[in-house]
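Welcome, and please get your viewer ready. We will go from one pair of residues out to the whole chain, with a few stops along the way.

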Amino acid sequence: MKTIIRTALVLILTYTVGIAGAMAQRVVTGTVYIDGKPAAGVTVTANRSSDQFFTSFDGKYKLKISDKTKYLKFTYAAGEEKLDIEGNSKNVINMYIGKKPANTDNEDAGADLRTQTELVKAKDKDYMSNYSMYDQFYRMKDYKSALKPWEHVYTKYPKSSVNVYIVGIKMYEAMLDKASDSEKPALLDKLLSIYDKRMKYFDDKGYLLGRKATTYLKYKLEHADELTDDQLKEIYKTGYSWLEQSMELQGNKTEAAVLVQLMQGTNVLFKTGEFESDKVMQNYDKTLAIANANLAKDPNSEAYKQAVTAINTIFESSGAADCETLIKLYTPKFKNNPNDVEMLRKMLYMLNSENCTDSKLYENAADKLYQLEPSAQSAFSMARLYIKLKDFEKAIKYYKEAISLEKDPTQKSLDLYELGTVELSQGQYQSARGDAREALKLEPKNGKLYLLMGSIYAASAKNFGDIDFDKAMVFVLAVDYFEKAKAVDPSVAEEANKNINIYKKYFPNKENAFFQGYNAGDTYKVGGWINETTKIRFR
(Lines give C-alpha, C1' and ligand atoms only; values in the text may rest on other atoms or scores of the structure.)
Protein backbone atom coordinates (compact mmCIF):
# COMPACT_ATOMS: atom_id res chain seq x y z
CA MET A 1 0.00 0.00 0.00
CA LYS A 2 2.77 2.45 0.87
CA THR A 3 4.45 1.66 -2.42
CA ILE A 4 1.26 2.48 -4.31
CA ILE A 5 0.82 5.77 -2.42
CA ARG A 6 4.46 6.70 -3.02
CA THR A 7 4.07 5.93 -6.69
CA ALA A 8 0.90 8.02 -6.84
CA LEU A 9 2.62 10.94 -5.12
CA VAL A 10 5.51 10.76 -7.56
CA LEU A 11 3.09 10.79 -10.46
CA ILE A 12 1.17 13.72 -8.99
CA LEU A 13 4.36 15.66 -8.33
CA THR A 14 5.68 14.90 -11.80
CA TYR A 15 2.39 15.97 -13.37
CA THR A 16 2.30 19.14 -11.24
CA VAL A 17 5.84 20.08 -12.14
CA GLY A 18 4.99 19.44 -15.78
CA ILE A 19 2.01 21.76 -15.55
CA ALA A 20 4.05 24.39 -13.75
CA GLY A 21 6.68 24.18 -16.45
CA ALA A 22 4.10 24.32 -19.23
CA MET A 23 2.30 27.18 -17.58
CA ALA A 24 5.43 29.30 -16.91
CA GLN A 25 4.50 32.61 -18.43
CA ARG A 26 5.80 36.06 -19.16
CA VAL A 27 4.04 39.21 -20.28
CA VAL A 28 5.13 40.99 -23.44
CA THR A 29 3.92 44.39 -24.54
CA GLY A 30 4.52 46.47 -27.61
CA THR A 31 3.04 48.52 -30.41
CA VAL A 32 1.83 47.31 -33.79
CA TYR A 33 2.62 49.64 -36.70
CA ILE A 34 1.22 49.43 -40.23
CA ASP A 35 3.04 51.61 -42.77
CA GLY A 36 4.69 53.55 -39.99
CA LYS A 37 1.55 54.35 -37.97
CA PRO A 38 0.09 52.70 -34.83
CA ALA A 39 -2.54 50.27 -36.05
CA ALA A 40 -6.01 49.68 -34.59
CA GLY A 41 -8.00 46.49 -35.17
CA VAL A 42 -5.08 44.06 -35.11
CA THR A 43 -5.58 40.77 -33.25
CA VAL A 44 -2.40 39.67 -31.49
CA THR A 45 -1.99 36.01 -30.49
CA ALA A 46 0.91 33.76 -29.64
CA ASN A 47 2.07 30.24 -30.28
CA ARG A 48 1.53 28.04 -27.14
CA SER A 49 -0.74 30.64 -25.55
CA SER A 50 -4.54 31.01 -25.39
CA ASP A 51 -4.32 34.75 -24.67
CA GLN A 52 -5.16 37.32 -27.32
CA PHE A 53 -5.31 41.09 -27.60
CA PHE A 54 -7.24 43.43 -29.95
CA THR A 55 -5.37 46.71 -30.55
CA SER A 56 -7.01 50.13 -30.22
CA PHE A 57 -6.10 53.44 -31.92
CA ASP A 58 -2.69 53.56 -30.18
CA GLY A 59 -1.67 50.16 -31.62
CA LYS A 60 -0.52 48.90 -28.21
CA TYR A 61 -0.94 45.31 -27.08
CA LYS A 62 -0.29 43.26 -23.93
CA LEU A 63 -0.09 39.49 -24.07
CA LYS A 64 0.65 36.59 -21.77
CA ILE A 65 2.85 34.08 -23.53
CA SER A 66 4.63 30.84 -22.67
CA ASP A 67 8.37 30.72 -22.22
CA LYS A 68 8.27 28.19 -25.05
CA THR A 69 6.39 30.51 -27.46
CA LYS A 70 8.13 30.58 -30.82
CA TYR A 71 6.20 33.34 -32.58
CA LEU A 72 3.57 36.05 -32.27
CA LYS A 73 0.82 36.30 -34.86
CA PHE A 74 -0.75 39.61 -35.97
CA THR A 75 -4.03 39.33 -37.86
CA TYR A 76 -5.38 42.45 -39.62
CA ALA A 77 -7.78 43.33 -42.43
CA ALA A 78 -5.29 42.74 -45.25
CA GLY A 79 -3.88 39.46 -43.91
CA GLU A 80 -1.63 38.20 -41.17
CA GLU A 81 2.04 38.33 -40.23
CA LYS A 82 4.13 36.18 -37.91
CA LEU A 83 7.06 37.46 -35.88
CA ASP A 84 9.67 34.93 -34.78
CA ILE A 85 10.59 35.53 -31.12
CA GLU A 86 12.42 32.30 -30.39
CA GLY A 87 15.48 33.25 -28.35
CA ASN A 88 14.17 36.81 -27.90
CA SER A 89 14.00 37.48 -24.15
CA LYS A 90 12.84 41.10 -24.43
CA ASN A 91 9.53 42.00 -22.81
CA VAL A 92 8.87 44.88 -25.23
CA ILE A 93 8.46 43.67 -28.79
CA ASN A 94 7.16 46.02 -31.46
CA MET A 95 5.77 44.79 -34.79
CA TYR A 96 6.24 46.64 -38.05
CA ILE A 97 4.04 45.75 -40.99
CA GLY A 98 4.89 47.56 -44.21
CA LYS A 99 6.84 50.80 -43.84
CA LYS A 100 8.76 51.36 -40.61
CA PRO A 101 8.46 54.65 -38.69
CA ALA A 102 11.60 56.77 -38.71
CA ASN A 103 12.41 56.50 -34.99
CA THR A 104 13.14 52.82 -34.46
CA ASP A 105 16.69 53.01 -33.11
CA ASN A 106 15.61 51.31 -29.88
CA GLU A 107 14.83 48.17 -31.90
CA ASP A 108 18.45 47.10 -31.52
CA ALA A 109 18.34 47.44 -27.75
CA GLY A 110 19.70 44.25 -26.26
CA ALA A 111 21.38 43.15 -29.49
CA ASP A 112 24.72 41.38 -29.26
CA LEU A 113 27.25 43.71 -30.91
CA ARG A 114 30.18 41.33 -31.04
CA THR A 115 31.91 40.69 -34.35
CA GLN A 116 31.91 37.32 -36.04
CA THR A 117 35.49 36.73 -34.92
CA GLU A 118 34.55 37.42 -31.32
CA LEU A 119 31.44 35.24 -31.49
CA VAL A 120 33.33 32.31 -32.98
CA LYS A 121 36.14 32.69 -30.46
CA ALA A 122 33.55 32.63 -27.66
CA LYS A 123 31.98 29.55 -29.29
CA ASP A 124 28.54 31.17 -29.23
CA LYS A 125 26.38 28.20 -30.25
CA ASP A 126 23.29 30.29 -30.99
CA TYR A 127 25.16 32.46 -33.47
CA MET A 128 27.16 29.69 -35.10
CA SER A 129 24.21 27.34 -35.57
CA ASN A 130 21.95 30.02 -37.07
CA TYR A 131 24.73 31.42 -39.24
CA SER A 132 25.65 27.97 -40.51
CA MET A 133 22.01 27.13 -41.19
CA TYR A 134 21.18 30.24 -43.23
CA ASP A 135 24.51 30.08 -45.06
CA GLN A 136 23.86 26.51 -46.22
CA PHE A 137 20.32 27.22 -47.38
CA TYR A 138 21.45 30.46 -49.05
CA ARG A 139 24.14 28.67 -51.02
CA MET A 140 21.48 26.23 -52.25
CA LYS A 141 19.30 29.25 -53.14
CA ASP A 142 16.62 27.93 -50.79
CA TYR A 143 15.79 31.41 -49.54
CA LYS A 144 12.55 30.34 -47.88
CA SER A 145 14.45 28.04 -45.51
CA ALA A 146 17.34 30.49 -45.11
CA LEU A 147 15.12 33.39 -44.09
CA LYS A 148 14.31 32.40 -40.49
CA PRO A 149 17.90 31.72 -39.27
CA TRP A 150 19.11 34.72 -41.28
CA GLU A 151 16.51 36.98 -39.59
CA HIS A 152 17.66 35.70 -36.20
CA VAL A 153 21.30 36.58 -36.91
CA TYR A 154 20.32 39.89 -38.57
CA THR A 155 18.28 40.93 -35.51
CA LYS A 156 20.37 39.56 -32.64
CA TYR A 157 23.89 39.92 -34.08
CA PRO A 158 23.73 43.05 -36.29
CA LYS A 159 27.45 43.77 -36.09
CA SER A 160 28.67 40.23 -36.63
CA SER A 161 29.47 40.45 -40.35
CA VAL A 162 28.71 42.56 -43.38
CA ASN A 163 27.91 39.29 -45.12
CA VAL A 164 24.60 39.18 -43.20
CA TYR A 165 23.50 42.31 -45.07
CA ILE A 166 24.86 41.24 -48.45
CA VAL A 167 22.95 37.95 -48.17
CA GLY A 168 19.79 39.68 -46.94
CA ILE A 169 19.80 42.16 -49.82
CA LYS A 170 20.26 39.38 -52.40
CA MET A 171 17.48 37.28 -50.89
CA TYR A 172 14.99 40.12 -50.72
CA GLU A 173 15.83 41.24 -54.24
CA ALA A 174 15.17 37.70 -55.45
CA MET A 175 11.87 37.60 -53.56
CA LEU A 176 10.85 40.99 -54.94
CA ASP A 177 11.46 39.85 -58.49
CA LYS A 178 9.03 36.94 -57.99
CA ALA A 179 6.49 38.70 -55.74
CA SER A 180 3.01 39.87 -56.70
CA ASP A 181 2.34 43.60 -56.80
CA SER A 182 0.50 43.43 -53.48
CA GLU A 183 3.48 41.74 -51.79
CA LYS A 184 6.15 44.08 -53.10
CA PRO A 185 5.70 47.17 -50.87
CA ALA A 186 6.42 45.28 -47.62
CA LEU A 187 9.36 43.43 -49.21
CA LEU A 188 10.81 46.66 -50.59
CA ASP A 189 10.52 48.38 -47.21
CA LYS A 190 12.37 45.49 -45.61
CA LEU A 191 15.07 45.62 -48.29
CA LEU A 192 15.58 49.37 -47.78
CA SER A 193 15.78 48.87 -44.01
CA ILE A 194 18.58 46.34 -44.54
CA TYR A 195 20.56 49.04 -46.37
CA ASP A 196 19.90 51.46 -43.49
CA LYS A 197 21.02 48.97 -40.85
CA ARG A 198 24.15 48.07 -42.79
CA MET A 199 25.04 51.78 -42.94
CA LYS A 200 24.47 52.04 -39.19
CA TYR A 201 26.87 49.23 -38.31
CA PHE A 202 29.31 49.16 -41.24
CA ASP A 203 29.22 52.74 -42.59
CA ASP A 204 30.14 52.99 -46.35
CA LYS A 205 27.23 55.42 -46.54
CA GLY A 206 28.05 56.96 -49.92
CA TYR A 207 28.18 53.65 -51.76
CA LEU A 208 25.15 52.18 -49.97
CA LEU A 209 22.93 55.24 -50.44
CA GLY A 210 23.56 54.94 -54.18
CA ARG A 211 22.62 51.25 -54.16
CA LYS A 212 19.59 51.94 -51.96
CA ALA A 213 18.38 54.68 -54.31
CA THR A 214 18.79 52.66 -57.51
CA THR A 215 17.01 49.71 -55.88
CA TYR A 216 14.18 51.93 -54.67
CA LEU A 217 13.69 53.53 -58.09
CA LYS A 218 13.88 50.20 -59.90
CA TYR A 219 10.93 48.73 -58.03
CA LYS A 220 8.94 51.92 -57.52
CA LEU A 221 9.02 52.68 -61.25
CA GLU A 222 8.13 49.20 -62.50
CA HIS A 223 4.73 50.52 -63.58
CA ALA A 224 5.76 54.12 -64.22
CA ASP A 225 3.25 54.47 -67.06
CA GLU A 226 0.43 53.94 -64.56
CA LEU A 227 1.63 56.65 -62.15
CA THR A 228 0.42 60.24 -62.04
CA ASP A 229 2.85 63.15 -62.37
CA ASP A 230 2.53 63.83 -58.64
CA GLN A 231 3.33 60.21 -57.79
CA LEU A 232 6.37 60.23 -60.07
CA LYS A 233 7.51 63.48 -58.54
CA GLU A 234 7.35 62.11 -55.00
CA ILE A 235 9.17 58.91 -55.96
CA TYR A 236 11.95 60.83 -57.69
CA LYS A 237 12.23 63.32 -54.83
CA THR A 238 12.87 60.46 -52.41
CA GLY A 239 15.32 58.66 -54.69
CA TYR A 240 17.04 61.89 -55.69
CA SER A 241 17.86 62.85 -52.10
CA TRP A 242 19.76 59.56 -51.63
CA LEU A 243 21.45 59.80 -55.01
CA GLU A 244 22.65 63.34 -54.37
CA GLN A 245 24.08 62.39 -50.96
CA SER A 246 25.76 59.38 -52.53
CA MET A 247 27.45 61.49 -55.22
CA GLU A 248 28.60 64.08 -52.68
CA LEU A 249 30.15 61.40 -50.47
CA GLN A 250 31.61 59.21 -53.24
CA GLY A 251 32.93 61.89 -55.61
CA ASN A 252 34.74 60.23 -58.49
CA LYS A 253 33.96 56.81 -56.97
CA THR A 254 30.25 57.28 -57.71
CA GLU A 255 28.89 54.32 -59.64
CA ALA A 256 27.83 54.84 -63.25
CA ALA A 257 24.22 53.79 -62.56
CA VAL A 258 23.96 56.39 -59.77
CA LEU A 259 25.13 59.14 -62.13
CA VAL A 260 22.54 58.22 -64.75
CA GLN A 261 19.70 57.89 -62.23
CA LEU A 262 20.61 61.21 -60.64
CA MET A 263 20.53 62.93 -64.03
CA GLN A 264 17.21 61.28 -64.87
CA GLY A 265 15.79 62.34 -61.50
CA THR A 266 17.01 65.88 -62.10
CA ASN A 267 15.28 65.90 -65.47
CA VAL A 268 11.95 64.71 -64.03
CA LEU A 269 12.06 67.17 -61.13
CA PHE A 270 12.90 70.00 -63.55
CA LYS A 271 9.98 69.14 -65.76
CA THR A 272 7.61 68.92 -62.77
CA GLY A 273 8.68 72.37 -61.57
CA GLU A 274 10.76 71.23 -58.60
CA PHE A 275 14.11 72.41 -60.04
CA GLU A 276 15.23 75.43 -62.05
CA SER A 277 17.33 75.05 -65.20
CA ASP A 278 20.45 76.09 -63.25
CA LYS A 279 20.15 72.94 -61.13
CA VAL A 280 19.95 70.79 -64.25
CA MET A 281 23.09 72.44 -65.59
CA GLN A 282 24.96 71.99 -62.31
CA ASN A 283 24.10 68.30 -62.09
CA TYR A 284 24.95 67.76 -65.74
CA ASP A 285 28.35 69.30 -65.09
CA LYS A 286 28.98 67.18 -61.99
CA THR A 287 27.80 63.82 -63.35
CA LEU A 288 29.62 64.20 -66.66
CA ALA A 289 32.84 65.23 -64.92
CA ILE A 290 32.75 62.13 -62.71
CA ALA A 291 31.99 59.81 -65.63
CA ASN A 292 34.82 61.32 -67.69
CA ALA A 293 37.22 61.06 -64.74
CA ASN A 294 36.53 57.33 -64.61
CA LEU A 295 36.98 56.99 -68.37
CA ALA A 296 40.31 58.78 -68.08
CA LYS A 297 41.40 55.99 -65.71
CA ASP A 298 39.85 53.21 -67.77
CA PRO A 299 38.95 54.22 -71.34
CA ASN A 300 37.41 50.76 -71.93
CA SER A 301 34.85 50.97 -69.13
CA GLU A 302 31.53 50.17 -70.83
CA ALA A 303 29.56 51.27 -67.76
CA TYR A 304 30.95 54.80 -67.83
CA LYS A 305 30.86 55.00 -71.64
CA GLN A 306 27.15 54.23 -71.50
CA ALA A 307 26.75 56.68 -68.61
CA VAL A 308 28.27 59.51 -70.66
CA THR A 309 25.92 58.78 -73.55
CA ALA A 310 22.90 58.58 -71.24
CA ILE A 311 23.81 61.75 -69.32
CA ASN A 312 24.21 63.72 -72.54
CA THR A 313 20.97 62.34 -73.99
CA ILE A 314 18.97 63.13 -70.83
CA PHE A 315 20.41 66.62 -70.62
CA GLU A 316 19.88 67.43 -74.28
CA SER A 317 16.25 66.29 -74.09
CA SER A 318 15.56 68.12 -70.81
CA GLY A 319 14.87 71.48 -72.39
CA ALA A 320 17.05 73.18 -69.78
CA ALA A 321 20.01 73.74 -72.08
CA ASP A 322 19.02 76.99 -73.81
CA CYS A 323 21.74 79.42 -74.86
CA GLU A 324 20.95 81.92 -72.12
CA THR A 325 21.35 79.28 -69.40
CA LEU A 326 24.54 77.88 -70.91
CA ILE A 327 26.17 81.28 -71.24
CA LYS A 328 25.10 82.20 -67.69
CA LEU A 329 26.65 78.99 -66.36
CA TYR A 330 29.91 78.99 -68.31
CA THR A 331 30.83 82.70 -68.47
CA PRO A 332 32.09 82.89 -64.85
CA LYS A 333 33.78 79.48 -65.19
CA PHE A 334 35.69 80.66 -68.26
CA LYS A 335 36.61 83.94 -66.58
CA ASN A 336 37.89 82.21 -63.44
CA ASN A 337 39.83 79.46 -65.20
CA PRO A 338 40.32 80.07 -68.94
CA ASN A 339 43.06 77.45 -69.20
CA ASP A 340 40.97 74.51 -67.93
CA VAL A 341 41.02 72.29 -71.02
CA GLU A 342 38.41 69.82 -69.71
CA MET A 343 36.00 72.64 -68.87
CA LEU A 344 36.57 74.25 -72.30
CA ARG A 345 35.86 70.96 -74.04
CA LYS A 346 32.62 70.50 -72.14
CA MET A 347 31.56 74.11 -72.64
CA LEU A 348 32.12 74.01 -76.39
CA TYR A 349 30.39 70.65 -76.67
CA MET A 350 27.29 72.11 -75.06
CA LEU A 351 27.40 75.41 -76.96
CA ASN A 352 27.82 73.49 -80.22
CA SER A 353 25.00 71.08 -79.31
CA GLU A 354 22.58 73.95 -78.77
CA ASN A 355 23.92 76.03 -81.70
CA CYS A 356 24.97 78.83 -79.32
CA THR A 357 27.84 79.88 -81.59
CA ASP A 358 26.95 83.57 -81.89
CA SER A 359 28.11 84.56 -78.42
CA LYS A 360 31.39 86.22 -77.49
CA LEU A 361 31.87 83.37 -75.00
CA TYR A 362 31.89 80.82 -77.82
CA GLU A 363 34.39 82.88 -79.83
CA ASN A 364 36.79 83.27 -76.91
CA ALA A 365 36.46 79.66 -75.74
CA ALA A 366 36.96 78.17 -79.21
CA ASP A 367 40.08 80.23 -79.79
CA LYS A 368 41.46 79.43 -76.34
CA LEU A 369 40.93 75.69 -76.61
CA TYR A 370 42.60 75.58 -80.00
CA GLN A 371 45.63 77.40 -78.58
CA LEU A 372 45.85 75.05 -75.60
CA GLU A 373 45.00 71.81 -77.37
CA PRO A 374 44.77 71.59 -81.15
CA SER A 375 42.40 68.65 -81.49
CA ALA A 376 39.42 67.41 -83.46
CA GLN A 377 36.99 69.17 -81.12
CA SER A 378 38.88 72.45 -80.96
CA ALA A 379 39.33 72.50 -84.75
CA PHE A 380 35.60 71.81 -85.19
CA SER A 381 34.77 74.71 -82.85
CA MET A 382 37.14 76.99 -84.78
CA ALA A 383 35.43 75.99 -88.03
CA ARG A 384 32.06 76.98 -86.62
CA LEU A 385 33.54 80.22 -85.30
CA TYR A 386 34.71 81.17 -88.79
CA ILE A 387 31.33 80.24 -90.24
CA LYS A 388 29.87 82.84 -87.87
CA LEU A 389 32.52 85.34 -89.02
CA LYS A 390 31.69 84.46 -92.66
CA ASP A 391 35.31 83.55 -93.36
CA PHE A 392 34.45 80.37 -95.27
CA GLU A 393 37.97 79.68 -96.49
CA LYS A 394 39.25 79.39 -92.91
CA ALA A 395 36.14 77.46 -91.89
CA ILE A 396 36.87 74.85 -94.59
CA LYS A 397 40.49 74.65 -93.43
CA TYR A 398 39.48 73.91 -89.83
CA TYR A 399 36.77 71.43 -90.83
CA LYS A 400 39.37 69.45 -92.78
CA GLU A 401 41.70 69.50 -89.79
CA ALA A 402 38.92 68.30 -87.49
CA ILE A 403 38.06 65.46 -89.90
CA SER A 404 41.68 64.32 -90.10
CA LEU A 405 41.92 64.13 -86.28
CA GLU A 406 38.45 62.79 -85.42
CA LYS A 407 38.16 59.18 -84.29
CA ASP A 408 34.47 59.01 -83.46
CA PRO A 409 32.53 58.00 -86.62
CA THR A 410 29.35 59.88 -85.67
CA GLN A 411 31.20 63.14 -85.03
CA LYS A 412 33.32 62.64 -88.14
CA SER A 413 30.15 62.23 -90.19
CA LEU A 414 28.83 65.51 -88.75
CA ASP A 415 32.12 67.25 -89.59
CA LEU A 416 31.92 66.00 -93.19
CA TYR A 417 28.25 67.02 -93.44
CA GLU A 418 28.96 70.57 -92.27
CA LEU A 419 32.03 70.83 -94.52
CA GLY A 420 29.96 69.65 -97.50
CA THR A 421 27.27 72.22 -96.68
CA VAL A 422 29.86 75.03 -96.62
CA GLU A 423 31.43 73.84 -99.89
CA LEU A 424 27.97 73.71 -101.46
CA SER A 425 27.36 77.32 -100.44
CA GLN A 426 30.66 78.26 -102.11
CA GLY A 427 29.84 76.45 -105.34
CA GLN A 428 32.43 73.72 -104.74
CA TYR A 429 30.08 70.97 -105.88
CA GLN A 430 32.51 68.16 -106.57
CA SER A 431 34.26 68.60 -103.19
CA ALA A 432 30.89 68.79 -101.43
CA ARG A 433 29.74 65.59 -103.15
CA GLY A 434 32.95 63.79 -102.11
CA ASP A 435 32.50 64.80 -98.47
CA ALA A 436 28.82 63.78 -98.46
CA ARG A 437 29.75 60.35 -99.85
CA GLU A 438 32.41 59.88 -97.15
CA ALA A 439 29.86 60.80 -94.50
CA LEU A 440 27.37 58.29 -95.93
CA LYS A 441 29.91 55.50 -95.54
CA LEU A 442 29.90 56.27 -91.81
CA GLU A 443 26.16 56.85 -91.42
CA PRO A 444 24.23 55.25 -94.31
CA LYS A 445 20.87 55.84 -92.62
CA ASN A 446 21.32 59.55 -92.00
CA GLY A 447 18.65 61.25 -94.10
CA LYS A 448 20.35 64.66 -93.90
CA LEU A 449 23.27 63.32 -95.92
CA TYR A 450 20.96 62.22 -98.76
CA LEU A 451 19.32 65.65 -98.65
CA LEU A 452 22.77 67.17 -99.00
CA MET A 453 23.54 64.96 -102.01
CA GLY A 454 20.27 65.96 -103.66
CA SER A 455 20.90 69.65 -102.96
CA ILE A 456 24.41 69.43 -104.45
CA TYR A 457 23.07 67.97 -107.69
CA ALA A 458 20.13 70.36 -107.87
CA ALA A 459 22.45 73.37 -107.38
CA SER A 460 24.90 72.12 -110.02
CA ALA A 461 22.26 71.33 -112.66
CA LYS A 462 22.15 74.76 -114.31
CA ASN A 463 25.89 74.55 -115.10
CA PHE A 464 25.85 70.92 -116.16
CA GLY A 465 25.95 69.65 -119.75
CA ASP A 466 25.41 71.40 -123.03
CA ILE A 467 21.69 70.85 -123.61
CA ASP A 468 18.55 71.37 -121.53
CA PHE A 469 17.74 67.64 -121.46
CA ASP A 470 21.06 66.85 -119.71
CA LYS A 471 20.43 69.60 -117.16
CA ALA A 472 16.87 68.35 -116.56
CA MET A 473 18.09 64.80 -115.88
CA VAL A 474 20.38 66.12 -113.10
CA PHE A 475 17.21 67.31 -111.34
CA VAL A 476 15.78 63.78 -111.74
CA LEU A 477 18.91 62.39 -110.05
CA ALA A 478 18.60 64.99 -107.29
CA VAL A 479 15.02 63.86 -106.61
CA ASP A 480 16.26 60.25 -106.41
CA TYR A 481 18.32 61.33 -103.40
CA PHE A 482 15.44 63.22 -101.80
CA GLU A 483 13.31 60.08 -102.14
CA LYS A 484 16.11 58.01 -100.63
CA ALA A 485 16.41 60.47 -97.72
CA LYS A 486 12.84 60.00 -96.51
CA ALA A 487 12.97 56.25 -97.14
CA VAL A 488 15.90 55.72 -94.75
CA ASP A 489 15.07 58.50 -92.28
CA PRO A 490 11.40 59.47 -91.78
CA SER A 491 12.46 62.46 -89.65
CA VAL A 492 13.51 64.34 -92.83
CA ALA A 493 10.38 63.43 -94.81
CA GLU A 494 8.87 66.92 -94.66
CA GLU A 495 11.98 68.62 -96.04
CA ALA A 496 12.47 65.86 -98.61
CA ASN A 497 8.89 66.22 -99.92
CA LYS A 498 9.29 69.98 -100.12
CA ASN A 499 12.39 69.60 -102.30
CA ILE A 500 10.75 66.91 -104.44
CA ASN A 501 7.83 69.24 -105.22
CA ILE A 502 10.21 72.05 -106.11
CA TYR A 503 12.54 70.14 -108.42
CA LYS A 504 9.99 67.93 -110.17
CA LYS A 505 9.00 71.03 -112.08
CA TYR A 506 12.38 70.93 -113.83
CA PHE A 507 12.10 67.33 -115.08
CA PRO A 508 12.25 66.89 -118.91
CA ASN A 509 9.01 66.77 -120.87
CA LYS A 510 8.00 63.94 -123.19
CA GLU A 511 8.85 65.88 -126.33
CA ASN A 512 12.46 66.54 -125.26
CA ALA A 513 12.93 62.91 -124.21
CA PHE A 514 11.44 61.61 -127.47
CA PHE A 515 13.70 63.93 -129.41
CA GLN A 516 16.71 62.46 -127.56
CA GLY A 517 15.44 58.92 -128.18
CA TYR A 518 14.22 58.09 -124.63
CA ASN A 519 10.96 56.81 -123.16
CA ALA A 520 9.70 56.94 -119.57
CA GLY A 521 11.48 54.33 -117.42
CA ASP A 522 14.56 54.05 -119.61
CA THR A 523 17.92 54.01 -117.83
CA TYR A 524 19.92 57.19 -118.27
CA LYS A 525 23.49 57.94 -117.28
CA VAL A 526 24.28 61.44 -116.07
CA GLY A 527 27.87 61.80 -117.26
CA GLY A 528 30.67 64.21 -116.45
CA TRP A 529 31.92 64.48 -112.85
CA ILE A 530 28.55 63.18 -111.60
CA ASN A 531 28.74 59.82 -113.41
CA GLU A 532 25.55 58.23 -111.98
CA THR A 533 22.52 56.54 -113.52
CA THR A 534 18.81 57.18 -113.02
CA LYS A 535 15.48 56.45 -114.73
CA ILE A 536 13.79 58.72 -117.27
CA ARG A 537 10.83 60.51 -115.65
CA PHE A 538 8.74 63.41 -116.87
CA ARG A 539 7.51 66.51 -115.10
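Start by selecting Leu72 and Leu83: Leu72 stands opposite Leu83, which is in strand 7. Before going further, note that this is a predicted model, in which local features need pLDDT of at least 70, side-chain atom pairs count only at pLDDT 80 or more, and totals for chains, interfaces and linings use all residues. Residues are numbered from 1 along each chain as its sequence is written, and side-chain values use heavy atoms, with hydrogens and water left out.

**The sheet**

Now select residues 71-76, which are strand 6; 6 bridges join strand 6 to strand 7, and the two run antiparallel. Strands here are DSSP runs of E with at least two residues, helices are runs of H or I with at least four, and both are numbered from the N terminus. Two strands pair if DSSP finds at least two bridges between them.

**Gln52**

Next, click on Gln52, which lies in strand 4. Is Gln52 buried or exposed? Gln52 counts as exposed because its relative accessibility is 53%; exposed means over 50% relative accessible area, buried under 20%, and partly exposed in between (1.4 Å probe, protein chains only). Leaving out residues up to four places away in sequence, Gln52 touches Thr43, Val44, Thr45 and Leu63, where contact means heavy atoms within 4.5 Å.

For a distance check, pick Ala307 as well: Gln52 and Ala307 are 56 Å apart in space, C-alpha to C-alpha, and 255 residues apart in sequence.

**Asn94**

Move on to Asn94, in the loop between strand 7 and strand 8 (95-97). Asn94 has 14% relative accessibility, so it counts as buried. Show Thr31 too: its backbone nitrogen lies 2.9 Å from a polar atom of the Asn94 side chain.

**The whole chain**

Finally, zoom out. The chain has 22 helices and 10 strands. Its radius of gyration, 37 Å, is well over the 24 Å that the globule rule gives for 539 residues, so the chain is more spread out than a compact globule. That radius is taken over C-alpha atoms, and the rule is 2.2 Å times the number of residues to the power 0.38. Along its principal axes, the C-alpha trace spans about 145 × 60 × 45 Å.

Technical notes: Polar contact = N/O pair within 3.5 Å; in protein donor to acceptor, adjacent residues only side chain to side chain.
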